[in-house]
Amino acid sequence: MKSNPKWKVSDRVFWLILLGAMVVDQWTKYIVQSKMAEYESIPIIPNIFHLTYILNPGAAFGMMANKTIFFVAVTIIVIAAILYFYRTVPPEQFLFRLGLALQAGGAVGNLIDRLRTGLVVDFFDFRVFPVFNMADTAITIGVTLILISLVITPETKDKKLAQQETVGSGES
């Protein structure tokens with residue numbers, strides 16, 4: 001499978017996606033905080049999807065509550081790793097680079113909350129799993145895109161080299 005040269009994530013696009021994810025996250029959190037009281041829940045689809053404003057002191061599922069310094073440190077390391085690793089990924093690996101940009105943007109969005117208040121604003125409530133936010137959504141979509149790209153990535157140089165050796169040796 002050859003890469004489509006039209007589908008590239010340039011450095012400029014990477015930073016725009018990263019910043020876009022962060023801005024959308026912070027904007028939606030601002031709206032929720034300015035329009036709702038903490039613990040207020042507005043049914044959008046009753047018993048299925050609500051907007052519920054909570055302040056999360058921990059990670060997913062509220063795990064490791066009040067470990068803000070730990071989460072800030074881990075997030076900074078993760079963002080640095082994404083930015084370092086991103087530079088090694090060719091622009092043609094569209095889904096992989098897009099996934100990294102979304103992950104970094106989401107991580108920065110939640111980092112801003114932790115640095116500002118020590119708590120993360122969450123509000124999407126599907127009633128069957130923990131309340132989450134746009135940053136969490138960006139991170140999840142980013143991970144999904146990276147996994148998809150790993151499944152559909154064109155053959156690696158090692159596979160091509162192995163095929164050439166097989167063809168060159170007369171084997172089929």
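These legends accompany close-up views of a predicted model.

**View 1. Three strands form an open sheet.** The strand order is E1-E2-E3, and the pairing is antiparallel. Strand E1 (41-45) and E3 stand at the edges. Each has a single partner strand, so one side of each lacks a neighbour in the sheet. Neighbouring strands are turned against each other by 25° on average, direction ignored.

**View 2. Helix H1 packs on the sheet.** The helix covers residues 11-35. H1 touches E2 and E3. The direction of H1 makes about 85° with that of E3.

**View 3. E1 and E2 pair in a hairpin.** The two strands run antiparallel and are joined by 4 bridges. Two residue pairs can be picked out here. Serine 41 has threonine 52 in E2 as its bridge partner. Proline 43 has histidine 50 in E2 as its bridge partner. Between the strands of the hairpin lie 3 residues. Asparagine 47 takes a positive phi near 65° in this hairpin.

View 4. Aspartate 11 pairs with arginine 97. Their closest N and O atoms are 3.9 Å apart. The structure holds 5 salt bridges. Side chains of opposite charge can pair when their charged atoms come close.

**View 5. The largest pocket has a volume of about 750 Å³.** Its lining counts 32 residues. Closest to the pocket centre are Ala59, Ala60, Asn110, Asp136 and Ile139. Rolling a probe the size of a water molecule over the atoms shows where empty space is left.

**View 6. Helices and strands both contribute to the lining of the largest pocket.** Two strands give two or more residues each: E2 (49-56) and E3 (120-125). The helices that do so are H2 (68-86), H3 (94-117) and H4 (134-152). H2 supplies the largest share, 6 residues. By residue class, the lining of the largest pocket divides into 20 nonpolar, 9 polar and 3 charged residues.

Methods:
Residues are numbered from 1 along each chain as its sequence is written. This is a predicted model: local features need pLDDT of at least 70, side-chain atom pairs count only at pLDDT 80 or more; totals for chains, interfaces and linings use all residues. Side-chain values use heavy atoms; hydrogens and water are left out. On a 1 Å grid over the protein atoms alone, a cavity is a set of points where a 1.4 Å probe fits but cannot get out, and a pocket is an open set with protein on both sides within 12 Å along at least five of seven lines; lining residues have an atom within 4 Å of a point. Grid points are joined across faces, edges and corners, and a volume is the space filled by probe spheres set on the points. Ala, Val, Leu, Ile, Met, Phe, Trp, Tyr, Cys and Pro count as nonpolar, Asp, Glu, Lys and Arg as charged, and the others, Gly among them, as polar. Two strands pair if DSSP finds at least two bridges between them. Axes are lines fitted to C-alpha atoms, for helices over the stretch in contact, and angles run from 0 to 180 degrees between N-to-C directions. Contact means heavy atoms within 4.5 Å. A salt bridge is a side-chain nitrogen of Lys or Arg within 4 Å of a carboxyl oxygen of Asp or Glu.
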